[in-house]
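Here's a quick briefing to read alongside the model. Take a look at the structure, then walk through the points by topic.

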Amino acid sequence: MASIDTTSESARRPFEGRRVHLGDVVLQGVAGAAAAGATALVLLIAWKVVDGARPSISKFGISFVWHDVWNPVVGREAYGAASFLFGTAITSFVALLLAAPLAIGIALFLTELAPRVLRGPVTSLVETLAAIPSVVVGLWGILVLGPALRSHVEPWLHSALGWIPLFGPPSSAGASIFTAIVVLTIMILPIVSSISRELFLGVPAELKEGALALGTTRWEMVRGVVFPYARGGIAAALILGLGRAMGEAIAVTQVIGGGTTISWNLFNQGDTLASKIAAEYQGATSNLDVASLIYLGLILLVLSLGANIAAQWIVRGVARRHGVTRGGRA
Amino acid sequence: MPNLGTSIRIVTALAAAAALAAAGAGAASATPAKQLTTLNGAGSSLIAPALAVWGPAYTKAAGVEVNYSSVGSGAGIAAITAKTVDFGASDAPLTPDQASACGDCVQIPWALSATVPTYNIPGLHSGQLKLDGPTLAKIFLGRITNWDDPAVKKLNAGVRLPNLKITTVHRSDGSGDTYAFTDYLSHVSSQWASQVGTATSVSWPGGVGGAKNPGVAAVIASTPGAIGYISVAYVIQNHLDWARMKNSAGNFVLASAPDIEAAAQSVKTVPAGNKMSIVDPPKNAKFKNAWPLSTFTYVIVHTVTPQAQALRKFIFWALTPKAQRLINNSFLVFAPIPTVVLSAAERTLNKVHA
Amino acid sequence: MSAQELTARSDGLRRRRAVNRSMELLAWVAALIAVAILGVVVFDVGRRGWSELNWNLLTKQPIPFSFTNAPQGLANAFAGTLVIVGLATAMALPVGILVAIYLNEFAPPRIRNGVGLALDVLAGVPAIVVGIFVYSLLVVGGGGQSGIKAAFALAILMLPFVARTTIEVLALVPNALREASLGLGVPQWRTTVSIVLPRAVGGILTGTVLAVARVAGETAPLLFTSSLVGPQVGWNPAHALQTVPLAIFELSESPDPKDHARAWAAAFVLLLFILLASLTARWLATRSARKIAGR
């Protein structure tokens, strides 16, 4: 999470202008080296990924991004990221679309509506869910959720909404893009809702009380005061959720079914950038295959870092506007 | 009439009883002796059942522990190339690229088994569905999409085929089973050969992916209408049903050990790199029952390796008739490797040194 | 004000109230759905895991390709997870604390912002990419997989987490303490080590426990760094070691219900550990908040 640090410099650094001891130099040196190391690590990761992808980059260039073949057969090798980009996009965006209203609803419920006795337990439940490892969600997804969706939900959605291409004929396998979407929704729901909750809690009480005193209903107060105040933060929370969904490899690999084609039918199988890497990286057939899988990793890295930095940027902007201090969170 | 599924279950139960006794004996001696030499291997999930038997047996015989990780042939090749393990195992021979990447690697055929078309059609037990190569290819090309398709019906006169959508299931990892399967389809279907080709991992026209043999088995077991390909040992272990395949002699056969052995008889000479393909073996009056999806499986080692002595001993041991017999039974279904291949294997093994 | 205007206003009010009620209802429904989904997942894992739980899980090793009903466990995975997560903590904790000390006590603002950004970026790197990174940096051509390399990958995921929480805790330590110590002529390093850090230790521990809970269930980076494993129980981090999340991953893709049973049981144990860790962390947090404030 972003540090929002506006403590004044002089107050934070009472050491300025003191006699320098050897120990000071040593501690500063060691600690500084650690900080430099952490920074260098980021660059090293980026470099190593670019370097590993280089054979594929030089062979396919940027057109790798929109080509949708993935053919590792010797003599016909051709690689492109399009179908995995599509899978990543459709799973993470639809998951976000489902998670966003639920998460904001939960956050509103917890801050404005819920009776005191419910707030504690529900908050704990949500926080607990954020801590469930993805492999456990995936286990549940493949053994419980997938078969249930296939047998009950998918046929129903198809018969009710079949005219929308997204809800085509159900697959007979439990693994599908749809299962992956539901699993991702479950995984990002706690993240988005706990950030939103903190944002709503951060809305100054006097603003809310002021609005209510003017005779607004609770909803009008939320719409007129809470949402505008927390808007930037919610956007950041959603982007963070999106980043999380895009980067999730294991749970998605377990439930998405390793389909090979671009399909708008959510009940078909698919693959995402992350799940493709997880499924195939170990058994890649040639150097070009390995490099192309790392190229997928590079695209994933760029996307998730983009999302992450965008979220930080929004948070910092909001913090500046509101003049929130670092302690405000705790 | 007891169907095949039942009889397999009975055999399995008997085998289970035997293995239970063996496991009990094994557990008693499981307390680790000090400083066992350990050989680490990884790769093919087809050979994994054999190593599950060989490992404890060899530890008992030679005091060497064999630690095997069933990660798929592709991953096995990658692991031995990166020298992450002492030996790799693959059912697919190394491609020229892989061979050069692996450096001084040699591949030694050390077992013989089969991959089988496995299906989930309610009411249809093992052997009740008959398929031939071209039909199988059309199914996996997505040109036959329902079980009551005329092409399937024609092969299965008298069998009630349901009106059920076909879901093809393939391996999502790099796999020797995929190699054997696509090699076979390339032999029997020119469209498959030109559109898809032969490799451990191909560009599938459609279908669902599963990780390694267990993953494919899981998808098939849970998906009505599914068909995939699985190493025969896993089919038996998981009580799945598999198809009779028409071989080039025109017979419908069911991948028993003798059928697999018959297919291997098509090897007359072993080429220098030990690369052999025995899928769709030519018609032969002597071996009318050859299973058309049989495959050798290879152990891959570096010629120069610090573990040379232990590796040579272990692989020689695995090639002995005694070791081959351990995995040639009704629930593991590895056929003994033919003499000509055996001597080629031993010749290659002699090159390995420290 | 005419009677007509009054009715119009009360109509408006009624409408506004109706909108308010329906929106409140929607929030209730959203909360209910979300809680139901989340509850079902936790409950289901708990129920299935609990019924499959027994000592064999922790004490017996798996038997590959078993045709028998001989009891199997995941002793190798639990041993490996202990070793790897322990090592990862040993790597990430000191570095994370040092980074935090530097940023909070020494760094000029520009560097603080720069390194802070780097930490945020590091926290945003997908776990699978960290796996690729460690694989191509250390595993290929570097003697293969090992527990240490897996621990290194997990440490990368822990580092920003530990550093961030430590920074927050250090910032809470009252400056009066630092000033008093310095005023007594104590050098800065001793002030940091024996005045500031002891105050913050509870908070740092909280962050560490949470970080451990987070990475204990992490699977993706282990896939390439510590996955070529046999069933034997091993404690030597120089070799690849099986881990609980990877075992769950593999068992979840098996067709065998007995494998599923073990996966549920292992997931249950993992979840229990994470819950206990979170509770411990919360308890530590309340305790340390009191201590930092000096009360």
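Helix α11 of chain A and helix α4 of chain C pack at an angle of about 135°, and so the two are oblique to each other. Keep in mind that this is a predicted model. The points below start with that helix pair and then turn to a strand in chain B.

**The helix pair**
- If you're wondering about handedness, α11(A) passes α4(C) in a right-handed crossing.

**Who touches whom**
- On the chain A side, the contact is made by A:S304, A:L305, A:N308, A:I309, A:Q312 and A:R316 of α11(A).
- Across from them in α4(C) sit C:D120, C:V121 and C:G124.
- Sort the residues of this contact by type and you get three nonpolar, four polar and two charged.

**A covered strand in chain B**
- Strand β4 of chain B, residues 105-119, is mostly covered, with 15 of its 15 residues buried.

**Partners of β4(B)**
- With β12(B), which spans residues 294-302, β4(B) pairs in the antiparallel sense over nine bridges. Here B:A114 stands opposite B:S294.
- β8(B), residues 226-231, also runs antiparallel to β4(B), and five bridges join them. Look for B:T118 opposite B:G228 in this pairing.
- β9(B), residues 241-242, is joined to β4(B) by two bridges, again antiparallel. B:T118 turns up here too, standing opposite B:W242.

Conventions: Residues are numbered from 1 along each chain as its sequence is written. Chains are lettered from A and ligands numbered from 1 in the order in which they are written. This is a predicted model: local features need pLDDT of at least 70, side-chain atom pairs count only at pLDDT 80 or more; totals for chains, interfaces and linings use all residues. Side-chain values use heavy atoms; hydrogens and water are left out. Axes are lines fitted to C-alpha atoms, for helices over the stretch in contact, and angles run from 0 to 180 degrees between N-to-C directions. Helices (H or I, at least four residues) and strands (E, at least two) are DSSP runs, numbered from the N terminus. Angles under 35 degrees count as roughly parallel, over 145 as roughly antiparallel, 65 to 115 as roughly perpendicular and the rest as oblique. A crossing is left-handed if the near helix is turned anticlockwise from the far one by less than a right angle, and right-handed if clockwise. Contact means heavy atoms within 4.5 Å. Ala, Val, Leu, Ile, Met, Phe, Trp, Tyr, Cys and Pro count as nonpolar, Asp, Glu, Lys and Arg as charged, and the others, Gly among them, as polar. Buried means under 20% relative accessible area, exposed over 50%, partly exposed in between (1.4 Å probe, protein chains only). Two strands pair if DSSP finds at least two bridges between them.
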